[in-house]
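Hi,

Here is the structure I promised to pass on.

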Amino acid sequence: MGAPVVTPIHDPLIAPASAVQVAVGGGGIQPVGPLHDRPGAVSEIWLDELALGLSDQGWMALDVRARLGSDLLAALQQEVEILDRTDAMKKAGIGRGNDLVRDRSVRRDRIAWLQGITVPQAALFGFFDAIRQGLNQRLFLGLKRFETHYATYHPGDFYKKHLDSFRGRASRVVSLVLYLNEDWQEADGGALQVFSGDIEYQACGTVLPEAGRMALFMSEEIPHEVLPANRTRYSLACWFRQDEVPLPL
């Protein structure tokens with residue numbers, strides 16, 4: 001299959017690693033190796049499991065620390081921490097273009113969109129593209145590209161129950177969230193609460209945002225929310241899309 005068109009559509013865009021280092025006085029981003037040097041990072045059997053989970057339940061949570069490696073997860077965490085400390089992240093909103101609303105009663109996270117231009121991001125993008133191709137081969141979803149951003153929730157921040165895409169829009173089809181928080185405890189809050197697609201108000205799962213945990217779900221079908229965080233919480237969200245170009249802002 002052809003290479004994905006990965007086109008971030010919001011500012012701010014993360015700078016190359018050298019520029020990020022300057023922003024915090026020269027601290028280096030940890031080096032990471034390519035995922036193809038890690039046997040089994042994305043296997044056919046694992047892709048089968050993802051497809052089965054989405055088709056049977058509409059969502060699933062799993063541990064990908066061994067697949068991505070602790071060095072890559074640490075490098076991604078370091079990037080988002082730098083962006084957060086240097087105020088390079090913007091308040092997140094709801095909607096697009098003229099419909100974009102920054103409603104603090106609905107969500108309070110801050111985000112920064114990725115371009116894949118740092119070494120950790122490039123490795124992660126390879127992982128995401130393997131998932132995109134694998135889901136297309138198994139579920140015939142017609143996923144053409146993906147978009148992804150870092151998110152920071154400071155203490156007290158939350159995101160009320162929502163869907164990632166309106167039905168029939170053929171835009172965001174599959175959602176993925178990767179967590180980047182070491183030693184996260186239940187008392188730290190910030191859990192992802194997942195609701196049944198059949199019974200909207202019935203919670204069917206809770207995912208603690210521990211480093212290396214990943215949630216995957218159908219964007220139009222699975223309502224979810226982020227409960228209030230009690231400590232700073234880092235994550236990375238990715239959406240696999242059927243459209244070829246971003247909607248105009």
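Of the 249 residues in the chain, 51% are buried, where buried means under 20% relative accessible area, exposed means over 50%, and partly exposed is in between (1.4 Å probe, protein chains only). Before you read on: this is a predicted model, so local features need pLDDT of at least 70 and side-chain atom pairs count only at pLDDT 80 or more, while totals for chains, interfaces and linings use all residues. Residues are numbered from 1 along each chain as its sequence is written, and side-chain values use heavy atoms, with hydrogens and water left out.

The secondary structure comes to 5 helices and 11 strands; these are DSSP runs numbered from the N terminus, with helices being H or I of at least four residues and strands E of at least two. A contact here means heavy atoms within 4.5 Å. Among contacts between residues at least 6 apart in sequence, 82% join residues at least 24 apart.

Now the core. A nonpolar core is a set of buried Ala, Val, Leu, Ile, Met, Phe, Trp, Tyr and Cys residues joined through side-chain atoms within 4.5 Å. The largest one has 40 residues, and Val 174 and Leu 178 have the most contacts inside it. Elements giving two or more residues to this core are the helices α2 (44–57), α4 (70–85) and α5 (119–139), plus the strands β1 (59–63), β4 (145–153), β6 (172–179), β9 (213–218) and β11 (233–241). The largest share, 7 residues, comes from α5. If you want to click around from Val 174, its contacts (leaving out residues up to four places away in sequence) include Leu 54, Leu 135, Leu 216, Ser 219, Cys 238 and Trp 239.

Next, the helix pair. The axes of α2 and α5 come within 9 Å and cross at roughly 65°; axes are lines fitted to C-alpha atoms, for helices over the stretch in contact, and angles run from 0 to 180 degrees between N-to-C directions. On the α2 side the contact includes Trp 46, Leu 47, Leu 50 and Leu 54, and on the α5 side Phe 127, Ile 131 and Leu 135 are among the residues involved. By type, the contact residues divide into 10 nonpolar, 2 polar and 3 charged, with Ala, Val, Leu, Ile, Met, Phe, Trp, Tyr, Cys and Pro counted as nonpolar, Asp, Glu, Lys and Arg as charged, and the others, Gly among them, as polar.

The loop between β9 and β10 (224–226) holds Glu 221, and Ser 219 is found in that loop too. Is Ser 219 buried or exposed? Ser 219 is buried, at 0% relative accessible area, whereas Glu 221 is partly exposed at 36%. Ser 219 and Ser 165 are 54 residues apart in sequence but 5.5 Å apart in space, C-alpha to C-alpha. Beyond its neighbours within four places in sequence, Ser 219 is in contact with residues including Leu 163, Asp 164, Arg 172 and Val 174. For Glu 221, the C-alpha atom is separated by 9.6 Å from that of Phe 195, 26 residues away along the chain.

Two strand residues are worth a click. Ala 237 lies in β11 and counts as buried at 10%; its contacts, sequence neighbours within four places aside, are Glu 147, Thr 148, His 149, Leu 176 and Val 177. Leu 192 sits in β7 (residues 192–195) and is buried at 2%, with Tyr 179, Val 207 and Ala 215 among the residues it touches, not counting those up to four places away in sequence.

For your backbone checks, Asp 87, in the loop between α4 and β2 (90–91), has a positive phi near 55° and is exposed at 67%. Phe 140, in the loop between α5 and β4, also has a positive phi near 55° and is exposed at 71%.

Last, the cysteines. The count of disulfides is 0, taking a disulfide as a pair of cysteine sulfur atoms within 2.5 Å. Cys 238 is buried at 0%, while Cys 204 is partly exposed at 38%.

Cheers
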